[in-house]
Amino acid sequence: MSTDPAARRSPFDLDAAWYVPAQVSIRPERFGALLYHFGTRRLSFLKSPELLKVVQVLADFPTARAACVDAGVSAAELPAYRAALATLAASEMIRERKPS
């Protein structure tokens with residue numbers, strides 16, 4: 001579970017569409033990745049290659065849940081990924097895609 005208060009206040013919607021905004025740079029690393037937001041000047045660490053894969057494919061799927069399934073996330077692992085994605089959303093590293 002996330003320790004970020006903002007992530008606890010607004011649960012992350014796995015059934016919504018999400019994307020990585022253009023202001024965020026992703027630098028893959030052996031441990032996962034570094035994400036840097038040029039607008040907020042925040043740095044985030046993805047602590048697993050699997051989470052990196054989810055983040056990289058978010059925009060390719062209609063929901064975050066579908067991106068997780070594609071990345072091989074099991075049902076048992078889904079709550080941890082939801083918490084990680086909630087933290088990324090709270091720090092603006094990912095954003096919800098609104099229907100056009």
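I'll start with the core. The largest nonpolar core has 26 residues, and the members that touch the most others are Phe12, Leu46, Val54, Leu58, Leu85 and Leu88. Strand S3, helix H2, helix H3 (64-70) and helix H4 (78-90) each supply at least two residues of this core. Keep in mind that this is a predicted model.

Take leucine 88 from that list. Setting aside residues up to four places away in sequence, leucine 88 touches Leu35, Ser44, Leu46, Val55, Met93 and Ile94.

Next, helix H2. Which residues of H2 are buried? They are Leu51, Leu52, Val54, Val55 and Val57. On spacing, an α-helix has 3.6 residues a turn, so residues three or four places apart point the same way. As for what covers the buried residues of H2, the cover includes strands S2, S3 and S4, along with helices H3 and H4.

Now the strands. S2 covers residues 24-29 and S3 covers residues 32-37; the two run antiparallel and are joined by six bridges. The hairpin connecting S2 to S3 passes through two residues.

On to S3 and S4. These strands also run antiparallel, with five bridges between them. Their hairpin has four residues between the strands, and there arginine 41 takes a positive phi near 60 degrees. Opposite tyrosine 36 stands leucine 43 of S4.

Let me stay with leucine 43 for a moment. Leucine 43 sits in S4, residues 42-46. Is leucine 43 buried, partly exposed or exposed? Its relative accessibility is 48%, so leucine 43 counts as partly exposed. Leucine 43 also belongs to a nonpolar surface patch of about 310 Å², made together with Phe31 and Phe45.

Last, serine 48. Where does serine 48 lie? The residue is in the loop between S4 and helix H2, which spans 49-57. Serine 48 counts as buried because its relative accessibility is 18%, and the cut-off for buried is under 20%. Its contacts, again leaving out residues up to four places away in sequence, are Phe31, Gly32 and Tyr81.

To recap: S3 is paired with S2 through six bridges and with S4 through five, and S3 is among the elements that supply at least two residues of the core. That's what I have.

How values were computed: Residues are numbered from 1 along each chain as its sequence is written. This is a predicted model: local features need pLDDT of at least 70, side-chain atom pairs count only at pLDDT 80 or more; totals for chains, interfaces and linings use all residues. Side-chain values use heavy atoms; hydrogens and water are left out. Patches are made of residues with over 30% relative accessible area and no salt bridge: like charges are joined within 9 Å, nonpolar side chains (Val, Leu, Ile, Met, Phe, Trp, Tyr) within 5 Å. Accessible areas come from the Shrake-Rupley method with a 1.4 Å probe; for residues, only the protein chains shown count as cover. A salt bridge is a side-chain nitrogen of Lys or Arg within 4 Å of a carboxyl oxygen of Asp or Glu. Buried means under 20% relative accessible area, exposed over 50%, partly exposed in between (1.4 Å probe, protein chains only). Contact means heavy atoms within 4.5 Å. Two strands pair if DSSP finds at least two bridges between them. A nonpolar core is a set of buried Ala, Val, Leu, Ile, Met, Phe, Trp, Tyr and Cys residues joined through side-chain atoms within 4.5 Å.
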